[in-house]
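Q: I have a model open and want to learn how to read it. Can we go through it feature by feature?

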Amino acid sequence: KQWYQRRVRGEECDLPACIWDMDCYTGKGIHYRGKVNRDDDDWGCQKWNSDFPNIQHFHPPDYNWAGVGDHSYCRNPDPENEEKPWCYIGENWFISWMIRYDYCAIPRCNRSKFNFYKF
C-alpha cells in the first residue's frame with residue numbers, strides 16, 4: 001500500500017475520501033460527511049428532508065452536493081454564510097423556536113490527527 005492508502009472504518013480508500021469520513025472538517029466543512037448529529041449544546045439535529053420543527057430550504061435533491069438527505073448529520077449547505085458544519089435544532093421543539101440552528105461540535109482537521117500524514 002502507498003502511504004496515502006489506509007483502512008478507515010473497515011473500508012479501503014484514498015484521499016480525500018478518508019478525510020470526509022472522519023469526524024473532522026476542512027475549510028468551511030462543505031465536504032464533511034461524518035455522523036455527528038448534535039449541535040454544540042448537545043441538542044439533537046433535525047433531518048434535512050424535514051420541515052419540522054424548523055421550516056428550511058436546504059432539501060435534497062437540490063443540496064445533495066452538500067451531503068444533505070434523509071438523515072440529521074451536521075453539514076454545511078450554506079458556505080457563503082456559515083463557517084463550519086451546522087444543523088437545525090430538531091430534538092426540542094421549544095428550543096428550536098428560540099434557536100433555529102447551531103454549529104456542531106466537530107473539530108477542524110489538522111495533520112497531527114491523521115497517521116497517514118506522519119511519514
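Q: Among contacts between residues at least 6 apart in sequence, what percentage join residues at least 24 apart?
A: Start by sorting contacts by sequence separation. This is a predicted model. In its protein chain, 51% of the contacts between residues at least 6 apart join residues at least 24 apart.

Q: How many helices and strands does the protein chain have?
A: Count the elements, then read their order. Here there are two helices and four strands. Along the sequence they run β-β-α-β-α-β.

Q: What share of the residues is buried?
A: Burial is judged by relative accessible area, with under 20% as the cut-off. Of 119 residues, 37% are buried. The chain exposes about 7300 Å², and carbon and sulfur atoms supply 52% of that area.

Q: Which residues make up the largest nonpolar core?
A: Look for buried nonpolar residues joined through their side chains. The largest such core has seven residues: Tyr25, Tyr32, Cys45, Cys74, Cys87, Cys104 and Ile106. A second, separate core has five residues, including Trp48, Phe58, Trp86 and Tyr88.

Q: What does cysteine 74 contact?
A: Set aside neighbours within four places in sequence. Cysteine 74 then contacts, among others, Tyr32, Cys45, Cys87, Cys104 and Ile106. Trp86 and Pro85 are also among its contacts.

Q: Where is aspartate 102, and is it buried or exposed?
A: Aspartate 102 lies in strand β4, residues 101-103. Aspartate 102 is buried and has no salt bridge. A salt bridge needs the charged atoms within 4 Å. The nearest side chain of opposite charge, lysine 84, is 8.0 Å away. Beyond its sequence neighbours within four places, aspartate 102 contacts Asp39, Asp40, Asp41, Trp86, Cys87 and Ile89.

Methods:
Residues are numbered from 1 along each chain as its sequence is written. This is a predicted model: local features need pLDDT of at least 70, side-chain atom pairs count only at pLDDT 80 or more; totals for chains, interfaces and linings use all residues. Side-chain values use heavy atoms; hydrogens and water are left out. Buried means under 20% relative accessible area, exposed over 50%, partly exposed in between (1.4 Å probe, protein chains only). Contact means heavy atoms within 4.5 Å. Accessible areas come from the Shrake-Rupley method with a 1.4 Å probe; for residues, only the protein chains shown count as cover. Lys and Arg count as positive and Asp and Glu as negative; His and the chain ends are not counted. A nonpolar core is a set of buried Ala, Val, Leu, Ile, Met, Phe, Trp, Tyr and Cys residues joined through side-chain atoms within 4.5 Å.
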